[in-house]
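Reader: I am new to this structure. Please take a close look at one part of it for me, the contacts between side chains.

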Amino acid sequence: MKHSFFTHVLLLISAGLMACTQGGTVGGKVSDARARNDGPAIWVVRDFDSTLFLYGTVHLLSPDIDWMRDDMREAFAEAGTVFFEVDTETNAQIKASVLTQSLGFYSDGRRLRDRLDGYQLKLLEAASNNGNVPLATLDNMKPWLASEFLTIAAAANVGLTPELSADDALKSRAARQQKNVLYLDSIEAQITRAAQMPELVQMTVLSETLEGFNTIEGDLTRITTAWTTGNVNFLTDEVINAVKAKSPEVYQSLYVDVNKDWAAQLTRFMEGSGTGFAAIGVGHLLGDDSLQEQLIERGYEVKRYLAFMGDPVIETIDTTLVKNPDADE
């Protein structure tokens with residue numbers, strides 16, 4: 001287990017993303033975004049002496065996705081402190097591996113197949129074959145971890161890998177630029193949150209992963225395209241709103257509660273002075289309970305950062321001051 005995706009990838013796929021499309025080609029969307037010099041969405045939080053950029057990431061990418069835009073590079077360069085979700089260096093990975101073995105695998109003789117009916121078992125066998133994940137390995141896993149492994153296997157089929165995640169790319173950039181790096185969470189905490197989901201919820205997630213396994217590849221591609229072009233409306237509808245509708249308990253635990261905790265940590269930074277940059281899973285920056293909304297409630301100014309726009313090109317007018325030409329003199 002190199003990374004923890006449990007609060008992101010698992011829910012991205014299992015919450016019902018199969019029905020939607022972006023419209024237009026992937027190449028066209030990315031080309032249009034490049035022409036405007038934008039890309040993955042950025043927000044900026046400000047008070048009188050502090051600035052914090054919020055940059056949404058995804059944890060699975062392919063090597064042919066060019067997602068680094070100038071607005072991100074410039075914002076990153078300004079920051080003295082960079083926040084990431086979790087530390088993924090060797091020691092953290094070892095701890096995560098031990099915890100995953102403890103919380104993700106049955107150790108009492110039970111098997112995953114014991115919780116599946118005949119139809120679900122056939123789906124598990126098909127997904128195991130198509131995803132190149134040994135059935136015996138999946139059979140030893142608890143539902144949340146089996147869902148995770150199958151999702152990553154499907155991602156690998158379309159060349160998406162955690163080895164090239166936006167998070168790791170920005171961690172490398174932070175090290176090269178000698179940034180002060182801080183972490184908002186831990187891999188252990190993320191694994192524990194996923195493992196502590198009620199078994200009924202875990203089974204629902206697994207069932208939907210199995211039934212939608214053959215469409216996961218396309219869903220992941222659409223999610224990645226939406227992220228690359230900063231299409232937050234699509235991501236909000238098909239990720240956050242879907243999770244909220246499917247399982248309010250999971251939404252509360254993995255998004256609302258986490259966003260409140262991270263907002264408290266980022267508030268401590270804002271109470272000082274300087275410029276920071278937070279690179280976190282884009283799901284935490286979407287919807288009514290997003291990290292931005294938490295910070296707005298704490299009194300900070302938060303806006304979408306669109307560096308490519310430059311100076312305003314459209315002058316707005318107050319329509320209440322415009323006389324109706326059809327009105328009586």
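Author: A salt bridge here is a side-chain nitrogen of Lys or Arg within 4 Å of a carboxyl oxygen of Asp or Glu. The model is predicted, so local features need pLDDT of at least 70 and side-chain atom pairs pLDDT 80 or more, while totals for chains, interfaces and linings use all residues. Residues are numbered from 1 along each chain as its sequence is written, and side-chain values use heavy atoms, leaving out hydrogens and water.

Start with charge. By the rule above, there are ten salt bridges. One of them joins D289 and K244, with N and O 4.0 Å apart. D289 sits in the loop between β5 (274-281) and α14 (291-297), and K244 in helix α12 (residues 232-246), so this pair ties together parts 45 residues apart in sequence. Helices (H or I, at least four residues) and strands (E, at least two) are DSSP runs, numbered from the N terminus.

How open are these two residues? D289 is partly exposed, at 22% relative accessible area. K244 is partly exposed too, at 35%. The cut-offs are under 20% for buried, over 50% for exposed, and partly exposed in between (1.4 Å probe, protein chains only).

Now take E125 and K122. Their salt bridge has its closest N and O atoms 4.0 Å apart. Both belong to helix α5 (residues 118-131), three residues apart, so about one helical turn separates E125 from K122. E125 is partly exposed at 31%, whereas K122 is exposed at 58%.

R193 and D185 also form a salt bridge, at 2.5 Å from N to O. Both of these residues are buried.

Next, the rings. Rings of Phe, Tyr and Trp (its six-membered ring) pair if their centres lie within 6.5 Å; planes under 30 degrees apart are stacked, over 60 edge-to-face, the rest tilted. The count is seven aromatic pairs. W67 and W227 form a tilted one, 5.7 Å between centres and 50° between planes. W67 lies in the loop between β2 (50-57) and α3 (70-78), and W227 in helix α11, so the pair ties together parts 160 residues apart in sequence. W67 and W227 are both buried.

Helix α11 spans residues 213-228. Its buried residues include F213, L220, I223 and W227. After α11 comes G230, with a positive phi near 70°.

Last, charges over rings. Here NZ of Lys or CZ of Arg is within 6 Å of the ring centre and within 35 degrees of the ring normal. K171 lies over the face of F84, 5.7 Å from the ring centre. R304 lies over the face of W43, at 5.6 Å.

Notes:
Expected span 1.5 Å × (residues − 1).
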